[in-house]
Each structure stands twice: as C-alpha cells, then as structure tokens.
Amino acid sequence: MRLCRAKGVDAIFHKWAEVSEVIPPSPMVGGHSGGVIRYATAIVEFIHNGQVIEVMANDVIFCDTEKAAACLGYKKEENPPCPHGYSNWDDCPDRCH
C-alpha cells in the first residue's frame with residue numbers, strides 16, 4: 001500500500017485497474033465504426049472514513065516520492081504517518097509499512 005492524495009483527499013492506494021468500454025458504431029452515414037476504449041483507474045481508500053473508490057489515474061498523487069513528499073505535510077526525511085493512527089509504524093498490527 002502507498003500513501004497518496006486522490007482528488008485532493010489523503011488516501012491509501014491499493015491497486016491499478018483497467019476499464020474497457022465498448023463504443024457502438026455511429027448510426028451516421030460515414031461515421032466511425034465503433035471499437036473499444038481502455039483506460040487506467042486507481043482503487044484507493046480514503047484515510048478519513050475508509051471509503052474505497054475508483055478514481056482516474058491522473059487524479060492520484062503518490063506521497064512517498066521525494067518530489068511529492070510535501071503533499072501530506074511531512075518532510076522528505078520523515079516517515080509519513082501510519083494510516084491507522086500509530087505514531088510508530090512498527091506498532092501497527094497491520095504492518096502497513
């Protein structure tokens with residue numbers, strides 16, 4: 001699991017998913033012949049309420065990289081807070097690190 005910000009809300013990233021949608025042919029003469037559109041989404045869990053949602057890939061900012069270290073308000077040399085509220089990550093029973 002990775003800490004991230006999804007749609008501006010602190011979250012835990014769980015996995016990538018791929019969505020496919022079938023586009024039917026255009027009814028117009030000379031219109032497109034239809035096809036399939038595929039795009040990536042992310043499955044994330046909001047930290048504040050535990051709600052799991054699917055968001056577009058470009059709505060996710062990972063917070064464990066040096067460039068994005070400030071997105072959850074911690075300095076790059078610090079560890080991010082445990083999403084379960086433990087001050088020491090080793091105390092977390094879920095071993096979320």
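Which residue in β2 is the bridge partner of cysteine 4? The bridge partner there is alanine 11. This is a predicted model, in which local features need pLDDT of at least 70 and side-chain atom pairs count only at pLDDT 80 or more, while totals for chains, interfaces and linings use all residues. Residues are numbered from 1 along each chain as its sequence is written, and side-chain values use heavy atoms, with hydrogens and water left out.

Five bridges join the antiparallel strands β1 and β2; strands are DSSP runs of E with at least two residues, numbered from the N terminus, and two of them pair if DSSP finds at least two bridges between them. The two strands form a hairpin with two residues between them, and in the turn lysine 7 has a positive phi of about 55°. β1 also pairs with β5, in the antiparallel sense, over three bridges. In β5, cysteine 4 has phenylalanine 62 as its bridge partner.

Cysteine 4 has a relative accessible area of 0% and is therefore buried, a term that means under 20% relative accessible area with a 1.4 Å probe, counting protein chains only. The structure holds zero disulfides, a disulfide being a pair of cysteine sulfur atoms within 2.5 Å. For cysteine 4, the nearest cysteine sulfur is that of cysteine 63, 6.5 Å away.

Cysteine 4 belongs to the largest nonpolar core, which has 11 residues, including Ala11, Phe13, Val44, Ile53 and Phe62. Such a core is a set of buried Ala, Val, Leu, Ile, Met, Phe, Trp, Tyr and Cys residues joined through side-chain atoms within 4.5 Å. The elements that give two or more residues to this core are β1 (2-6), β2 (9-23), β3 (35-46), β4 (52-56) and β5 (60-62). β3 gives the most, with three residues.

Valine 44, another member of the core, touches Cys4, Ala6, Ala11, Ile12, Phe13, His14, Gln51, Val52, Ile53 and Val55, leaving aside residues up to four places away in sequence. Contact here means heavy atoms within 4.5 Å.

Now the whole chain. The chain has five strands and zero helices, and its elements run β-β-β-β-β from the N terminus on. Of its 97 residues, 29% are buried. Among contacts with a separation of 6 or more, 42% are between residues 24 or more positions apart.

Conventions: Buried < 20%, exposed > 50% of the residue type's maximum accessible area, 1.4 Å probe, protein only. Helix = DSSP H or I, 4+ residues; strand = E, 2+ residues; numbered from the N terminus.
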